[in-house]
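Here are some friendly notes to read alongside the model. Please keep the viewer open as you go through the points.

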Amino acid sequence: MNFRNIIDSKIEKGTLVLGVANSGEKLTVNIKKAPSIIITGETGSGKSILLDQILLELISEYTSLEMELILVDTSGVELNYYVDTNYPVYKAINDMDKSIIALSKVLKEVENRKNILKSSGVTTIDEYNENREDKIPLLVIAIDDDKFLLREEDTEKMLSGIISQLAGLNIVFLLATSDVHNKFFESDKNVFASLLISFDYTNEEESEKNNVEGSNNLEIGAFLARINKETFKYHNFDFDDKIIKEVLHQND
């Protein structure tokens, strides 16, 4: 079973299909052009499902030789399906200290890849990988936070440092969180991300804090996407844990 066929089998590799509007128009995002996606919303609103969807699309397209995962899950529940696959190079599951270490590792890898580009005289990792057998893989950082990781000291600086430097590095940053009461959102550093998505917030104040206006009182599964300062409404695709297991099993 190819998960991409559920979404859209005609989309080219590296392009995600995140949702569909009432008109039938699909929200597509190329990870090379939009390497950072921040997803917010109340617990149970659908943000973790969208994070799963993104990971499954990528896993359906890239082998474990082509892609590596850094998993950060402060709940210890949402990203468990991916822990025992061949993709993770670092796992911080329900451990706040390891989560902080994971972010510092990502920052070091950002600097490492920038130095590789500088010393090689090229502008992107894709250029560097051309005609090389030892290719640098796509690195995907997936964070599902429900225990205030973003309120930890220096987290704001690390996150903004990561998402502001990803162009050309073949690194994708994904963050799903319900917590917008922290410096990262209050200082508007989250707008550095390529794409801001918000599921339902019943509290209008929280809707405003995530910098996606009007994301309160949305129905379950609906989300607003802020693209170039404009906001559009979409619905995510319906799938369950069975599909997650099937996709991961076929990629063992």
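1. Buried here means under 20% relative accessible area, exposed means over 50%, and partly exposed lies in between (1.4 Å probe, protein chains only). Helices are DSSP runs of H or I with at least four residues, strands are runs of E with at least two, and both are numbered from the N terminus.

2. Which residues of α6 are buried? They are T155, E156, M158, L159, S160, G161, I162 and I163. The buried residues of α6 pack against β3 (36–40), α4 (96–120), β7 (171–177) and α7 (183–186), where a contact means heavy atoms within 4.5 Å.

3. A word on the source: this is a predicted model, in which local features need pLDDT of at least 70, side-chain atom pairs count only at pLDDT 80 or more, and totals for chains, interfaces and linings use all residues. Residues are numbered from 1 along each chain as its sequence is written, and side-chain values use heavy atoms, with hydrogens and water left out.

4. Stepping back, the protein has 9 helices and 10 strands. Its radius of gyration is 17 Å, close to the 18 Å that the globule rule gives for 252 residues, so the protein is as compact as a globular protein of that length. That radius is taken over C-alpha atoms, and the rule is 2.2 Å times the number of residues to the power 0.38. Buried residues make up 52% of the 252.

5. The structure holds 9 salt bridges, each a side-chain nitrogen of Lys or Arg within 4 Å of a carboxyl oxygen of Asp or Glu. One of them joins D126 and K32 (3.4 Å, N to O). D126 lies in helix α5 (residues 125–129) and K32 in the loop between β2 (26–30) and β3, so the pair ties together parts that are 94 residues apart in sequence. D126 is partly exposed at 36% relative accessibility, and K32 is partly exposed at 38%.

6. Do look at E111 and K114 too, whose side chains form a salt bridge (3.6 Å, N to O). These two residues are 3 apart in helix α4, separated by about one helical turn.

7. Finally, F239 sits in the loop between β10 (230–235) and α9 (241–250). Is F239 buried or exposed? F239 is buried, with a relative accessible area of 11%. F239 and D52 are 187 residues apart in sequence, yet 9.7 Å apart in space, C-alpha to C-alpha.
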